[in-house]
Structures are given as C-alpha cells and as structure tokens.
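Please look through the sequence and the model below before reading on. The report that comes after them is meant to be read with the structure in view.

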Amino acid sequence: MKLTILGCYSATPLIHTNPTAQVLDIKNHTFLIDCGEGTQVELRRNKVKFGRIKHIFISHLHGDHCFGLAGLISTFRLLTREADLHIYAPKGLKDVITMQMKLSESWTNYKLIFHELSSKSSELIFEDDKVEVYTIPLDHRIYTNGFLFKEKLGERKLDMNAVLNADIDVAYYRKLKQGADVPDNNGNIVNNTLVTLDPKPPKSYAFCSDTAYNESIVPIIKGVNALYHESTFIEKNEALALPTKHSTAKQAATIAKKANVGQLILGHYSTRYDDLTPFKTEAETIFPKVELAKDGKIFEF
C-alpha cells in the first residue's frame with residue numbers, strides 16, 4: 001500500500017504548497033482522494049499515470065478539496081480517455097460539474113459516473129474482490145466524509161514442501177488456496193492448515209480531513225495501519241479551530257491514540273505556519289508514531 005501526497009495544505013495554494021489531494025495505490029487500484037486546485041499538475045510531477053485513475057473520492061465541497069476536479073476531467077477528455085470514471089462525492093458536486101461541462105460545451109467522451117453521498121452514517125461505497133471503501137462521517141461546517149480503505153483477506157499460500165510430501169494433485173491447488181481440505185492421491189483428506197500458510201494480514205488506511213475533534217470516528221478507524229488526520233492548527237491557536245471546525249495536532253494525536261492506529265500522518269496545515277516542526281512535537285506528546293505530510297512525500301505501509 002503506497003500513499004503519495006500531492007497537496008496537504010488548507011485554504012489557498014501558494015508557490016510551494018498545494019491544497020489537499022493524494023493518491024493511494026492499493027491492490028492494483030490507484031485511487032485519487034480529494035482534488036484541490038492544481039492536482040493534475042502534481043499528478044504529472046509525481047509521475048502518476050492518468051489512465052490508472054478510475055475512482056476519485058471527494059470529502060466535501062470546499063474549494064481546496066475539489067476545485068481541481070473540473071480541470072482534471074477536462075484533461076482526461078483531451079487525452080481521449082475511454083475508461084469510465086467513478087466519482088464518490090457529496091450530493092451537489094454532480095450538478096456543479098455537469099453545469100461546467102454544459103456551459104463550456106466540453107462533454108466527456110467517456111462515461112462519468114457520480115456516486116452521490118448524503119448519509120451521516122458510515123457506509124460501504126466501493127467493493128470488489130480485493131478492496132472495500134467506507135465513508136467516515138466527519139464534523140465540519142458542511143457535509144463531509146473521510147474515507148476508510150481496507151484490503152480484503154487474501155488467499156492462503158501453498159507450503160510447497162508440505163503439499164508435495166502430502167502427495168496432492170495439482171488440480172486441487174486452487175481449492176487449497178481458498179482454504180478447503182482436499183484429498184491426496186490415495187483418497188485421504190488432508191487438513192488445509194497442514195499444507196498452507198496464512199495470508200498476509202490485510203492493510204487499511206483512513207483519510208480524515210476536514211473535521212473538528214470527533215471521537216465518534218474512533219470505532220470506524222480502530223487499528224488502521226495509517227491514519228491521515230487534519231491538523232490545521234497547533235494548540236496555541238485552538239481558538240481558531242473551534243469556529244472553523246478544524247483540529248489541532250494534539251487533537252489528531254488523541255484520536256490516533258484512542259483508535260490505536262499504526263501510524264499518524266498530520267496534514268491540512270494552515271499556511272500561516274512557516275515551520276511545521278511544532279505540529280510533530282505537539283502530537284508526539286500524545287502519540288509516538290507521528291509523521292508530517294509533505295507535498296510529494298510517499299508513505300508505504
């Protein structure tokens with residue numbers, strides 16, 4: 001599982017900072033999460049292949065999380081994209097994008113499929129044989145979701161020495177991987193656990209931006225390998241976080257600790273801060289495994 005940070009700052013883009021966007025590579029999927037202004041430039045800068053993006057997840061309709069989407073959709077059209085594009089976003093974004101396409105006479109030559117979100121409870125919004133994606137209801141000034149990405153448990157692994165010693169025909173290998181007990185060449189049933197190994201534990205990633213401190217998300221994100229949680233402010237500016245419904249680094253760390261996550265990644269910094277060191281220092285007083293997001297930074301877990 002690989003996470004590429006395209007942008008991790010709040011509000012407006014600056015010369016050297018970009019608003020929220022990131023790419024998650026998981027089980028042969030390349031998911032784009034949020035699409036702030038300038039996202040397509042950062043995709044190119046980070047050498048992300050446009051054609052691999054088939055699913056885009058938008059947390060909410062504030063501009064620093066979605067103003068890059070219309071441009072990206074238009075670029076896909078200019079590149080003669082043919083593959084369907086699925087967009088999971090709050091209800092309303094479909095109307096915005098459709099109006100832009102209509103007035104600019106820029107209808108896509110590929111199928112644009114909107115999955116409009118309105119539930120205030122966590123729900124499964126994407127699933128295939130390898131991955132599940134759930135919403136994480138957040139507490140912001142407008143309707144907002146985070147997203148939980150979960151690998152499904154993979155197939156069992158063949159212990160080839162044990163399989164050969166058990167004299168099992170190759171025709172049964174597939175069933176062994178699926179966890180079934182199978183007969184050997186003498187007709188005796190072989191216990192699956194004697195000839196296979198457990199699959200690797202499935203990994204998970206939670207994206208939470210933007211939100212006020214919100215303990216209700218803890219059961220949803222419990223035990224994830226990595227949590228990206230907004231930390232727009234440090235503690236001394238908590239008075240600014242309250243009316244804007246954002247979080248401090250210490251609050252993000254508190255959520256990480258309560259959810260027992262493997263790693264906390266801080267981001268969505270206010271551009272008022274020239275030095276991000278205090279974010280990490282502050283969070284580490286609560287939770288030890290803290291990393292700072294940075295435009296262009298890659299995390300693997």
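The sections below go from the whole chain to its sheets, helices, a loop residue and a pocket.

## The chain as a whole

The structure is a predicted model, and the values in this report are computed from its atoms. The chain holds 10 helices and 18 strands, and its C-alpha atoms fill a box of roughly 70 × 55 × 35 Å, taken along the principal axes.

Of the 301 residues in the chain, 51% are buried. When contacts between residues at least 6 apart in sequence are considered, 63% of them join residues that are at least 24 apart.

Strands of a sheet pair through backbone hydrogen bonds, and they can do so in a parallel or an antiparallel way.

How much of helix H3 is buried? The helix spans residues 69-78 and is mostly covered, since 7 of its 10 residues are buried. The buried residues of H3 are Leu69, Ala70, Leu72, Ile73, Ser74, Thr75 and Phe76. After H3 comes Thr80, which has a positive phi, near 55°.

## The sheet that runs from S7 to S17

Another open sheet is made of 7 strands in the order S7-S8-S9-S14-S15-S16-S17, and its pairing is mixed. Its edge strands, each pairing on one side only, are strand S7 (124-127) and strand S17 (290-292). The twist in this sheet averages 20° from one strand to the next.

At the S17 end of the order, strand S16 (residues 264-267) pairs with S17 in the parallel sense over 3 bridges, and Ile265 has Glu291 in S17 as its bridge partner. Helix H10 (residues 277-284) packs on the sheet by touching S16 and S17, and the direction of H10 makes about 165° with that of S17.

## Strand S8 and its two partners

Why can strand S8 (residues 131-137) be called largely enclosed by the rest of the structure? The reason is that 6 of the 7 residues of S8 are buried, where buried means under 20% relative accessible area.

On one side of the pairing, S7 and S8 run antiparallel and are joined by 3 bridges, with Leu124 standing opposite Tyr134 in S8. These two strands form a hairpin that has 3 residues between them. S8 also pairs with strand S9 (residues 145-151), in the antiparallel sense and over 7 bridges, and in this pair Val131 stands opposite Glu151 in S9.

## A glycine in a loop

Gly51 is found in the loop between helix H1 (39-45) and S4. Is this residue, Gly51, buried or exposed? Because the relative accessible area of Gly51 is 51%, and exposed means over 50%, Gly51 counts as exposed. Gly51 and Ala83 are 32 residues apart in sequence, while their C-alpha atoms are 7.9 Å apart in space.

## The largest pocket

Rolling a probe the size of a water molecule over the atoms shows where empty space is left. The largest pocket of this model holds about 230 Å³ of space.

Which residues line the largest pocket? They are Met1, Lys27, Glu151, Lys152, Gly154, Glu155, Lys157, Pro199, Lys200, Pro201, Pro202 and Lys203. Sorted by class, this lining has 4 nonpolar, 1 polar and 7 charged residues. Glu151, one of the lining residues, is also the residue of S9 that stands opposite Val131.

Terms used: Residues are numbered from 1 along each chain as its sequence is written. This is a predicted model: local features need pLDDT of at least 70, side-chain atom pairs count only at pLDDT 80 or more; totals for chains, interfaces and linings use all residues. Side-chain values use heavy atoms; hydrogens and water are left out. Buried means under 20% relative accessible area, exposed over 50%, partly exposed in between (1.4 Å probe, protein chains only). Helices (H or I, at least four residues) and strands (E, at least two) are DSSP runs, numbered from the N terminus. On a 1 Å grid over the protein atoms alone, a cavity is a set of points where a 1.4 Å probe fits but cannot get out, and a pocket is an open set with protein on both sides within 12 Å along at least five of seven lines; lining residues have an atom within 4 Å of a point. Grid points are joined across faces, edges and corners, and a volume is the space filled by probe spheres set on the points. Ala, Val, Leu, Ile, Met, Phe, Trp, Tyr, Cys and Pro count as nonpolar, Asp, Glu, Lys and Arg as charged, and the others, Gly among them, as polar. Two strands pair if DSSP finds at least two bridges between them. Axes are lines fitted to C-alpha atoms, for helices over the stretch in contact, and angles run from 0 to 180 degrees between N-to-C directions. Contact means heavy atoms within 4.5 Å.
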